[in-house]
Amino acid sequence: MAARSPFPSFPRGWFVIGFSPDIAPGEVKTVHYFSQDIVLFRTASGVLSAVDRTCPHLGAHLGVGKVDGECLRCPYHAWGYDATGRCVDIPYAQKIPPKAAVRAWPLREVNGCILVWYCPRGEAPTWEPPVLEEDGWTANQVVRWELDGFVQDVAENTVDTAHLWPVHHVGPAEVLSLEQQGHSMHVLLRMTASGAPVEMPDETHEVELDVTVHGLGMVVSATQVLNADLRTRQRIYPVPITETRMAIFGVNNTRKMADPAYTKEIDDIFYRAFLADFPRDFPIWSTKTFVDRPVLAAGDGPIGKYRKWCRQFYDWPAEQAAAAPQAQPAPEGLIGRLTRVARRIRDLAQKPVGAPAGGSAHDPDEQELVAPKKRPGEGAVHVQAGRFPSVDSYFDTLEARFDRAAAGDLEAVFQWVLTGDKGRQHFVEIRGGQAQSKPGSHPEPTLTIEMSADDYLMMINGELNGARAFSTGRGKLRGPVRLAMKMQRLFPLERAV
Ligand code: FES
Ligand SMILES: [Fe+2]
């Protein structure tokens with residue numbers, strides 16, 4: 001292995017080497033993982049196969065060959081190999097030599113991904129990749145990254161809660177549970193996440209991450225935004241390219257909600273957030289040194305437990321296996337403990353009732369005290385301010401409440417379609433730093449809010465969670481969700497008084 005790699009082999013397990021739609025029937029493709037070329041081909045009937053590159057006859061690269069019906073023809077003398085790698089046809093010979101076969105990789109196509117089994121000893125799979133639920137979820141939105149680094153570092157992120165604030169700007173985070181069973185690990189995390197990555201800069205969300213790791217090639221992170229009833233799923237599949245370089249395949253899915261348009265909007269927002277937020281680790285992963293015996297502090301996540309679990313995937317020489325590297329939490333001395341307690345007391349004393357605790361944004365020791373914490377159930381859309389007696393009072397004050405600075409150069413038309421006994425239509429047009437509010441309907445609204453007038457009144461009075469109302473179909477949004485989220489800043493409710 002290269003000098004920088006601390007591992008004795010590539011890890012054993014299932015690894016994604018492509019997405020199913022990447023290779024159509026009749027196609028041949030060469031990919032490069034585990035420091036070798038792997039030839040993928042899909043037969044005319046659709047069977048996918050991954051074989052080693054070298055034809056056992058005279059060594060031609062099979063990736064230059066062609067699919068012929070159900071077999072792959074070598075480009076040199078046209079020997080034909082079936083999907084299992086066995087030679088089934090030599091155009092000029094009657095008898096096929098018994099050794100005429102190329103090694104086929106154990107392969108599965110699951111949830112739109114092509115997985116191969118890697119074992120440093122060439123042994124058969126000892127477990128099967130899980131099949132994730134697809135019913136009720138949006139189609140895969142995919143991405144592939146490539147960077148220097150080691151696959152083990154990717155899943156280590158799931159237990160490394162202390163990096164969440166400095167790298168991902170996520171507030172209080174804690175590991176609620178960690179279970180390891182054979183090749184699988186299950187981590188439950190709870191955190192307060194800024195809405196900025198999901199285009200809601202004014203919001204914070206209570207997020208629960210349910211992460212399942214299968215070997216080192218598969219991380220499935222189910223995200224539940226508790227205060228908005230949203231469920232999305234980010235699937236992260238790292239795979240070694242060489243000893244020091246890796247690819248990461250990523251997939252985003254969103255649990256379908258009552259309104260398909262709203263689902264699509266949310267799915268796109270979370271996909272864009274995944275594209276923007278996940279790579280924040282890349283400059284670190286691609287330059288860090290793997291510290292075999294890290295010095296850990298109280299407050300670090302269960303890194304040592306994770307690393308111990310990882311050892312099963314490598315082929316350790318016997319003497320190294322006995323001397324397993326262990327990450328030990330640094331024993332916290334009396335001074336450290338006293339400082340911590342003193343800090344807590346200071347923060348509690350300084351904290352006004354009902355206000356978020358303060359703390360240095362860059363002190364990982366205090367990271368759980370940094371971001372404002374809301375209780376689950378507190379909404380993303382509503383703000384509790386002065387009460388509105390009717391929706392009319394809300395509409396009547398729109399122009400007066402309009403915040404010109406917040407609008408900037410925004411040009412947009414907000415349309416309300418409120419139904420029920422007290423139903424009415426109303427719109428406000430924002431242009432040139434002015435807001436014009438009128439009853440009725442506009443021919444080309446940028447954003448339309450459909451809801452019963454009673455529900456809308458409850459929402460503006462903070463009695464109904466707007467995000468939840470829209471995700472459950474109780475209300476409908478037509479247009480960009482991020483514009484809806486901006487409404488609080490455009491028409492601050494507290495200006496109503
Ligand atoms: S080298 Fe492949 S058939 Fe001869
Ligand atoms: Fe990270």
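Tutor: Two strands pair if DSSP finds at least two bridges between them; helices (H or I, at least four residues) and strands (E, at least two) are DSSP runs, numbered from the N terminus. This is a predicted model, in which local features need pLDDT of at least 70, side-chain atom pairs count only at pLDDT 80 or more, and totals for chains, interfaces and linings use all residues. Residues are numbered from 1 along each chain as its sequence is written, while chains are lettered from A and ligands numbered from 1 in the order in which they are written.

Student: In the open sheet of four strands, what is the order?
Tutor: The pairing in this open sheet is antiparallel. Strand 5 (66-68) and strand 8 (87-89) each have a single partner strand and so stand at the edges, one side of each being left without a neighbour in the sheet. The order is 5-6-7-8.

Student: Which residue in strand 8 is the bridge partner of Gly-80?
Tutor: Strand 7 (residues 80-81) pairs with strand 8 in the antiparallel sense over two bridges. The bridge partner of Gly-80 in strand 8 is Asp-89.

Student: Which residue takes a positive phi in the hairpin of strand 9 and strand 10?
Tutor: Strand 9 (residues 107-110) and strand 10 (residues 113-118) are joined in the antiparallel sense by four bridges, and Leu-107 has Val-116 as its bridge partner. Two residues lie between the strands of this hairpin, and the positive phi, near 50 degrees, belongs to Asn-111.

Student: Which are the edge strands of the open sheet formed by seven strands?
Tutor: The order of this antiparallel sheet is 11-17-16-15-14-13-12. Each edge strand pairs on one side only, and the two are strand 11 (141-148) and strand 12 (170-181).

Student: Why does Gly-433 count as partly exposed?
Tutor: Gly-433 is found in the loop between strand 21 (424-431) and strand 22 (434-439). A residue is buried if 20 or more other C-beta atoms, placed from the backbone, lie within 10 Å of its own, exposed if 12 or fewer, and partly exposed in between. Gly-433 counts as partly exposed because its C-beta neighbours inside 10 Å number 13.

Student: What separates the C-alpha atoms of Gly-433 and Ala-407?
Tutor: Gly-433 and Ala-407 are 26 residues apart along the chain. The separation of their C-alpha atoms is 6.8 Å.
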